[in-house]
Every structure is written in C-alpha cells, then in structure tokens.
Amino acid sequence: MSLSFDLFWSFRSPYSYLATRRLVNLQRDHDVDVNVRVVLPIAVRTPDFFQQVNPLWPPYLLRDTLRIAQKEGIPYRWPTPDPIVQDFANRTIPVEQPHIWRLSRLGVAATERSCGLALLDEVSKVIWDGSVVSWHEQDHLAGAARRAGLDLAELDAAIEDKPEHYNEILEQNGEALTAAGHWGVPTMVFR
C-alpha cells in the first residue's frame, strides 16, 4: 500500500516552486502518492495580509528564496508578470486577479486528470525559472501543459464551462489547509 500526503501548493509562492522538483523526485523514487491541493495565495485568501506584515518580511523573502535556489541549484527569478496583481507602494491587492485564478483553476483541473504534480512542475518552471519573460503570452502555458501530458485548450474549456466547480475546490483546499493548522505553502500533511 502506497503512503500518501496532501500537498498544499500555490502558483504565487516561490517556496512552492523551489520544493516542487524535490516532490516530483520523491514521488518518482519512492512508493508515495502526492495528493495535490492547489490553494489561492495568501494575498487573495487574506487581502490585507501585506498591509499587516512586517515591512522587513518581503525583502527577507526575496533573499531567503534566492539563497535556497542557489543552494539547490534551481534557476530562479521573480516572475514577469507576477501571478498576483499587487500595488507594492501601498501594499494593496485588487479584487481583479486574472493570472492567479486561471493558474489555480488549471492546477485543480490537472489534478482531476491525475496530472496535478506534473502540471505544477512544468508551469512553475515557466513562471519562476527566469527563462521566459511574459510567461502568460504566446504558447508558454500550452507547452507546459503538453509536457505534463495535458491539453491547455481542453483544460481552459472545462474551466470555462464550470468555473464555480473549480472555485469550490479551491475554497475547500483553503479550508483544509486551515484545518491542518497552517496558512503557508508549500505544506505537506501526512495522516
């Protein structure tokens, strides 16, 4: 019998990106199933988060994630565009968030097709590894979906047909993360 754990993961989290390749290897090399639970970033789940956080935290996050990337030999740069639309000057998060909703719903759709971790791996590389600028344009996401064994047009059509279904799962995943006693990602919950 395979062991399994829930993986709470967000497309906006550099920590999620930096852990993903190791999680792919863990699943590949050991008898373990990774149950992907995509969650919306804390900037969407708690819109006033960045207004409340210590102002030293964002620069620390950048230094810390760069240090981890260098230590692990993982290509890394802050994405262009950021998956979250944010006014950094006044630390506000607009309600309209076109990138993160699309990405998060794609993660749920891929998970329903048993390709969640593969999609997270491929899409997060496109967003975070620095090899692509404007990851949301051209065929970057389509290529990532294809490498994960999926068809982006089919995923988009399924999401467009029932967006409330994907929103409900994202809500449930966020509630499950809270029930697990955490708020940050990536979080692995075993038993």
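The chain carries 19 positive and 25 negative side chains, and the centres of the two sets lie 7 Å apart; Lys and Arg count as positive and Asp and Glu as negative, while His and the chain ends are not counted. The place of a charge is taken as NZ of Lys, CZ of Arg, CG of Asp or CD of Glu. This is a predicted model, in which local features need pLDDT of at least 70 and side-chain atom pairs count only at pLDDT 80 or more, whereas totals for chains, interfaces and linings use all residues. Residues are numbered from 1 along each chain as its sequence is written, and side-chain values use heavy atoms, with hydrogens and water left out.

**Fold and dimensions**

- The chain contains nine helices and three strands; helices (H or I, at least four residues) and strands (E, at least two) are DSSP runs, numbered from the N terminus.
- Their order along the sequence is β-α-β-α-α-α-α-α-α-α-α-β.
- The chain is as compact as a globular protein of its length, because its radius of gyration of 16 Å is close to the 16 Å that the globule rule gives for 191 residues. The radius is taken over C-alpha atoms, and the rule is 2.2 Å times the number of residues to the power 0.38.
- The C-alpha trace spans about 45 × 35 × 35 Å along its principal axes.

**Burial and contacts**

- Of the 191 residues, 46% are buried (under 20% relative accessible area; exposed is over 50% and partly exposed in between, with a 1.4 Å probe and protein chains only).
- Among contacts (heavy atoms within 4.5 Å) between residues at least 6 apart in sequence, 77% join residues at least 24 apart.

**Salt bridges**

- The structure holds 13 salt bridges, each a side-chain nitrogen of Lys or Arg within 4 Å of a carboxyl oxygen of Asp or Glu.
- Arg-147 pairs with Glu-122 in one of these, with the closest N and O atoms 2.9 Å apart. Arg-147 lies in helix H7 (residues 140-147) and Glu-122 in helix H6 (residues 116-128), so the pair ties together parts that are 25 residues apart in sequence.
- Salt bridges with shared partners join Arg-21, Asp-121, Glu-122, Lys-125 and Arg-147 into one network. Within this group, Glu-122 is buried at 14% relative accessible area.
- Asp-29 and Arg-28 also form a salt bridge (2.7 Å, N to O); Asp-29 is partly exposed at 46%, whereas Arg-28 is exposed at 56%.
- In the salt bridge of Glu-112 with Arg-113, the closest N and O atoms are 4.0 Å apart. Glu-112 is partly exposed at 38%, and Arg-113 is partly exposed at 26%.
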